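The entries follow in the order in which I looked things up.

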Amino acid sequence: MNKVLVLNGPNLNRLGSREPDVYGNASYADLVSSLTASANELGMSVDVRQTNDEAELISWLHEAADSKSNVILNPAAFTHYSYALRDACAIVTSAGLKLIEVHISNPHSREEFRHNSVISAVATGVIAGFGQNSYLLALSQLSH
Ligand code: DQA
C-alpha cells in the first residue's frame, strides 16, 4: 500500500473560517475527507495531520524518513523562515523519499515576506495556488 503522510503546519486547523477570501470556505475536515476519498480511488492511503507546533512537525518528518513514507507538506508560515523544518525536510528527501510542498494560496501573489520559501530547495516539487486541490494534485503525482 502506497502510504502518504500529509502534514499541515500552523493555523491550517482554522480552514473554513480563517480568511475565506484567501483560503476558501472548505474546512480542515473537508480537506481530510477529500484526501481520504481521493486516496481510496488511487489505491493509496493517507495519514493527514495538523499541528501548530514546529517541534511536532519536525518529529513527524523524522517519522516519515524512518517509515519510508512520501510526504505532502503544507508548512504554512514556517515556509518562510524555519531552517529547522527545512533541515527535517532534507532528511526526508535525502533518504530518497518524495516530499511535495503545497500551498492553498499562491504565496508569490501575496505579501513580499511570503515570496521566499526556505523549504522549496529541498522539496521534490511545489504545488501552490489551487486551493485545497493543491493537495489532490500532489497526491495524484505521488500515485505514479
Ligand atoms: C499557506 C501560505 C503561507 O504563506 C501562510 O502562512 C499559510 C498558508 C497556504 O497554504 O497558502 O499559513 O501555506
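I began with the side chain of R18, where an N or O atom lies 3.0 Å from an oxygen atom of the ligand; I took a polar contact as a pair of N or O atoms within 3.5 Å. In the side chain of H80, I found an N or O atom 2.7 Å from a ligand oxygen. For I104 I noted a polar backbone atom, 2.8 Å from an oxygen atom of the ligand. On its own the ligand has 330 Å² of accessible area, and the protein covers 99% of that (Shrake-Rupley method, 1.4 Å probe).

I recorded that this is a predicted model, in which local features need pLDDT of at least 70 and side-chain atom pairs pLDDT 80 or more, while totals for chains, interfaces and linings use all residues. Residues are numbered from 1 along each chain as its sequence is written, and side-chain values use heavy atoms, without hydrogens and water.

I next listed the surroundings of the ligand, which include Y23, N74, S105 and R114 (a heavy atom within 4 Å). By class, I recorded four nonpolar, four polar and three charged residues in this shell.

Where does the ligand sit? I found the ligand in the largest pocket, with more than half of its atoms within 2 Å of the grid points. I noted about 150 Å³ of space in this pocket. Its lining divides into six nonpolar, four polar and three charged residues.

Technical notes:
Polar contact = N/O pair within 3.5 Å; in protein donor to acceptor, adjacent residues only side chain to side chain. 1 Å grid on protein atoms, 1.4 Å probe; cavity = no way out; pocket = protein on both sides within 12 Å on 5 of 7 lines; lining within 4 Å. Nonpolar A, V, L, I, M, F, W, Y, C, P; charged D, E, K, R; others polar. Points joined across faces, edges and corners; volume = space filled by probe spheres on them.
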